[in-house]
Amino acid sequence: MASSKTNGKTSSVANGHAKARSLSSSRPGRRRDSIDVIDANVALDLATHQTYDENVFLFVPNLIGYTRIIIAGVALNYMKTHPRFCSLLYGISCLLDAFDGMAARALGQTSKFGAVLDMVTDRHYMHMYSSLVTGSRSHKLVTSQVSRILWYYYNDPNTLFLFCAGNELFYVFLYLMHFEKTPIGEPFFGLSSLFIMHVMPYVPAAVLAPKTIADFALALSQLTWPQLGAVICAPVCLAKNIVNFVQLWKASKILVGVDLAERAKDRAVLEMREE
């Protein structure tokens, strides 16, 4: 009896693999990065009996994702008592976001599970869902026809890193402002004096007056270092939120378009049945 059950389960898994292969091969015109529709029971069997050599849950980029969540949780635990340690842990968690995608591409371990895990940690819910619904393996695979802004944002790794890092740092600095109350002070007076002494003689007074430099240095000297960091990162944070709005707007329109297409298909099926 046990042997019969084992053989039955093995046969089910084998059938699942065959079904998955047939679904992929039956769509020769589809792009490699598109999503094939697989029966839920077949998918569950495949996931339950996946081998150690190809266990999606243990893919390196997914392990990085789990680590990010754990580190972020530990950072929150120290939020009230150890602001610098909390900020360091949170920064590490954010920095690891740059490595999960690199690991996935380098090791050939891209997965839909990993894409959704990345979505959960990055808060790109609607944009990610609209990407999966329209057959994309990742929310980062955006064409210029969909949005030129998002295409530039996702296809230049330096831009993506700068925007994400500047945005996260802005909120870290806002958090640290609660604890740090000491103004920066002297360095800016010294720098402004050097600037006025060595550079200002070559700058026309109509363009930039020494008093303007002195006033600017005085204003900066009255800031704390988290306030200064927030001022520097604020433009990047603003730009990142503009990108977020574009993501939300484009994803909303795509989902509405999918809804309209499905409703039209349902009406067509209904009309065919009535005929």
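Trainee: How many salt bridges does the model contain?

Mentor: Side chains of opposite charge can pair when their charged atoms come close. In this predicted model, the count comes to two salt bridges.

Trainee: Which side chain meets Asp-97 in a salt bridge?

Mentor: The partner of Asp-97 is Arg-68, with an N to O distance of 3.1 Å. This pair links distant parts of the chain, since Asp-97 belongs to helix α5 (residues 97-107) and Arg-68 to helix α3 (residues 60-77), 29 residues apart.

Trainee: Are Asp-97 and Arg-68 buried or exposed?

Mentor: Both Asp-97 and Arg-68 are buried.

Trainee: Which side chain meets Arg-84 in a salt bridge?

Mentor: Arg-84 meets Glu-180, at 3.6 Å from N to O. Glu-180 sits in the loop between α9 (157-177) and α10 (186-198), whereas Arg-84 is in helix α4 (residues 83-95), so the pair ties together parts 96 residues apart in sequence.

Trainee: Why does Arg-84 count as exposed?

Mentor: The term exposed requires over 50% relative accessible area. Arg-84 has 58% relative accessibility and therefore counts as exposed.

Trainee: Which residues form a nonpolar patch on the surface?

Mentor: The patch is formed by Tyr-52, Phe-57, Leu-58, Leu-63 and Phe-113, which together have about 520 Å² of accessible area. One of these residues, Phe-57, lies in the loop between α2 (40-48) and α3.

Trainee: Why does Phe-57 count as partly exposed?

Mentor: Buried means under 20% and exposed over 50%, with partly exposed in between. Phe-57 is at 41% relative accessibility, so Phe-57 counts as partly exposed.

Note on methods. Residues are numbered from 1 along each chain as its sequence is written. This is a predicted model: local features need pLDDT of at least 70, side-chain atom pairs count only at pLDDT 80 or more; totals for chains, interfaces and linings use all residues. Side-chain values use heavy atoms; hydrogens and water are left out. A salt bridge is a side-chain nitrogen of Lys or Arg within 4 Å of a carboxyl oxygen of Asp or Glu. Helices (H or I, at least four residues) and strands (E, at least two) are DSSP runs, numbered from the N terminus. Buried means under 20% relative accessible area, exposed over 50%, partly exposed in between (1.4 Å probe, protein chains only). Patches are made of residues with over 30% relative accessible area and no salt bridge: like charges are joined within 9 Å, nonpolar side chains (Val, Leu, Ile, Met, Phe, Trp, Tyr) within 5 Å. Accessible areas come from the Shrake-Rupley method with a 1.4 Å probe; for residues, only the protein chains shown count as cover.
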